[in-house]
Amino acid sequence: MNKFVTGLLLVLPLAVLAESESLEEIVVTASPLAKSVDELVRPVNVLSGDELDKEVASTLGETLNNQLGVNSSSFGPGVGVPVIRGLSGSRVEILQNSTTVQDASDTSSDHAVASEPLLAERIEVVRGSAILRYGNGAIGGVVNVIDNRIPKESIADTSGALQLRFNANNDERVAVGKIETGNNLWAFHADAVLRESNEISIPGFADHEADDADETTDGFIENTQAEAKSGSLGFSYTGDDLVAGFSINLLDTRYGIPAGSHGHHEDEEHDDEHDDDDEDHDEEEEEEQVDIELEQTRYEFYLKRDNLTGSFLKTIKTELSFTDYEHTELEIEGDDVSPGTFFDVDGLDARIELLHHSMNNWLGAIGFQYTDRDFVAIGAEAFVPPSVTESLGIYLLEETALSFADLELGLRYTSQSIKTAGLANIDHDSLNANATLAFPLGGSGRLAVSAFHSERAPTAEELLSDGEHIATNSFEIGDPSLDSETANTLELSYRYDGDSFSLNSSLYHSQFSDFIYQQSLGTGFDEASESCQPLAGLDEDSIECLFYEQEDATFTGIEIEGRWQLTDSQSIRLWADAVRAELDSSGDVPRIPAHRIGLEWDYSLGPWNLELAGMLADDQDRPGLNQEETEGYTRVDASLRYQPENWSAFVNIDNLTDEDIRNATSFLRETAPEPGRAITVGVTRYF
């Protein structure tokens, strides 16, 4: 019996011990009706406060990696993209304060999400179909990073915090600061983060097939250093019935791409400090490395008007963001640094939402969303031609209380057009709908049955890719004839909130038609014929061909989480998640996360808090066609915090046993494992 089944059998019997509890109400933005977490029907994770401070990392994926149903698709420590229920990329919508993060992270696995989790005050993860409110791509779910750069509530005085962190694994130094002030009518916010790190340390060889240090690096991953700086300024007017505000955010980061990702091997000798003294390498062959230098300027506008007079409208809310994003892939050989491919994205996302008064016991909202994305790539890695993607959507969300259950209905229509030079416009229309019945059970429990019909228009990358992708060491080929993919999902959810016990669980099954995925057919790009040929007949340095294809697929998964308050000072959390994804005729869907089980113990005494956490990940022996299997692992983390009044200090130890961890979701799992043991210390001063 595998680890997942064993752990699941532990979770289920303990659910019978439920008792009644009153939980702190946390209102989330996942619903236009300002519901709390325990009022929402669809599964939601909310990471905030001390829990966010403990989990926060340099990437969004790593920050959320311990959340139910969420994994990270890493491409070295500079890139961590969230994977929700086995889905990522354009199927997971990344939001910053409820509007789309317009970057190039869905263009390539080596492109980071242009959002700084260290500045977040709260991160919400909506699992399952969240398409209706947030766009036509969020079949997997939505991640909303909320940082209060536009204050939504009045501020009467001045407050702030300064935090310093140090990670011994990669010598990461971080400084984070925030200040807010106001006079009950006007509110101001400012924040900043500075982050710098060296190459990450790992247990053993980077390449899991290497026999000695001449073939790879030993004890660290080459070219995994990173540095970043980010800052925001925002203000708002907070009247009784009106909130209006504006903010600007600047992000500037540079991170290295692990050498194994573009086919290089390390031939140089490194000492324990990873020194690269020129005198030790005068006779060594210089290796080319790739760094990504990313810059983004983001403007946000917010307007909300409450308590409107009239018989229909109650609230009108407008959210708008404009993003100017660019990054350059720097090619480095010794002391020579030359710009390679240049990516530029100008993005606009605007949403207007109208909340109406109760009408015949129905309450809900109608919304309009317009998105414009102007994408340009220039250089050797410009495998996607310039394009302009426009989409216009309208959605309706309604709910009512029946005599035996609560009913939620939703409908969204989206029209998308992609324009590119030399090709006719590629147009897709999509229709998305859901229906949910939530049955109260005994006052403390609730059972929900949800049905979703989801349609996703293909992205410009899936349609138009045609060229060498250096970072992934592949030649990517899109298909302009791709149709919209559809998913019909049935989900059964149960939630219980008791005095000393709470349970959150979901069982879901999705049937995809025309699922779009990248397939490896065992071919490589032949320079002589400029075509893809069988790898067996090509030079060993030939890059692999990856084709965007469509095929029907099924995704089936389970998520379960139980929390017990053992005493006033002790609690435990036991959780498990799993997803099984199969193509109808081509085997397994690639890069699906392994089954996981987690156990956490939390102990508090006055200002002290201690937490121990363990995770068992199963083998991923269904990796997909021409993909390698990954071994399971056991990860142990520990956290100690001391938090008297006005300041706090902490010590986090991640991967306490220095385990060799290779995640099935990572494109570099064979050549760049996750970090080894990492000790992070930090101190925060509040004022």
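Modeller: A residue is called buried when its relative accessible area is under 20%, exposed when it is over 50%, and partly exposed in between. Please keep in mind that the structure above is a predicted model.

Biologist: Where does Ser529 lie, and is Ser529 buried, partly exposed or exposed?

Modeller: Ser529 lies in the loop between strand 26 (501–526) and strand 27 (531–534). Its relative accessibility is 39%, so Ser529 counts as partly exposed.

Biologist: With which side chains does the side chain of Ser529 make a polar contact?

Modeller: One partner is the side chain of Asp526, at 2.8 Å. Another is the side chain of Ser531, at 2.7 Å.

Biologist: Let us turn to charge. Which residues form a negative surface patch?

Modeller: The patch consists of Asp211, Asp212, Asp214 and Glu215. One of these residues, Asp212, is placed in the loop between strand 11 (201–205) and strand 12 (218–220). Asp212 has 32% relative accessibility and therefore counts as partly exposed.

Biologist: How should I read a salt bridge, and how many does the structure hold?

Modeller: Side chains of opposite charge can pair when their charged atoms come close. In this model there are 32 salt bridges. One of them joins Arg373 to Glu461, with the closest N and O atoms 3.5 Å apart. Arg373 belongs to strand 18 (residues 362–378) and Glu461 to helix 5 (residues 460–464), so the pair ties together parts that are 88 residues apart in sequence.

Biologist: Are Arg373 and Glu461 buried or exposed?

Modeller: Arg373 counts as buried because its relative accessibility is 12%. Glu461 is also buried, with a relative accessible area of 2%.

Biologist: Which residue forms a salt bridge with Arg495?

Modeller: The partner of Arg495 is Asp497, and their closest N and O atoms are 3.4 Å apart. Arg495 has a relative accessible area of 18% and is therefore buried. Asp497, at 12% relative accessibility, counts as buried too.

Biologist: What links Arg596 and Asp577?

Modeller: Their side chains meet in a salt bridge, at 2.7 Å from N to O. This pair links distant parts of the chain, for Arg596 is in strand 30 (residues 596–605) and Asp577 is in strand 29 (residues 570–583), 19 residues apart. Arg596 counts as buried at 2% relative accessibility, and Asp577 is buried with a relative accessible area of 4%.

Biologist: Which residues do salt bridges that share partners join into one network?

Modeller: The network is made up of Arg85, Arg127, Glu491 and Glu559.

Terms used:
Residues numbered from 1 in each chain as written. Predicted model: local features only at pLDDT ≥ 70, side-chain atom pairs only at ≥ 80, totals over all residues. Heavy atoms only, no water. Patch = residues over 30% accessible without salt bridge, like charges linked within 9 Å, V, L, I, M, F, W, Y side chains within 5 Å. Areas by Shrake-Rupley, 256 points an atom, 1.4 Å probe, with all protein chains shown as cover. Salt bridge = Lys/Arg side-chain N within 4 Å of Asp/Glu carboxyl O. Lys, Arg positive; Asp, Glu negative; His and termini not counted. Charge placed at Lys NZ, Arg CZ, Asp CG, Glu CD. Helix = DSSP H or I, 4+ residues; strand = E, 2+ residues; numbered from the N terminus. Buried < 20%, exposed > 50% of the residue type's maximum accessible area, 1.4 Å probe, protein only. Polar contact = N/O pair within 3.5 Å; in protein donor to acceptor, adjacent residues only side chain to side chain.
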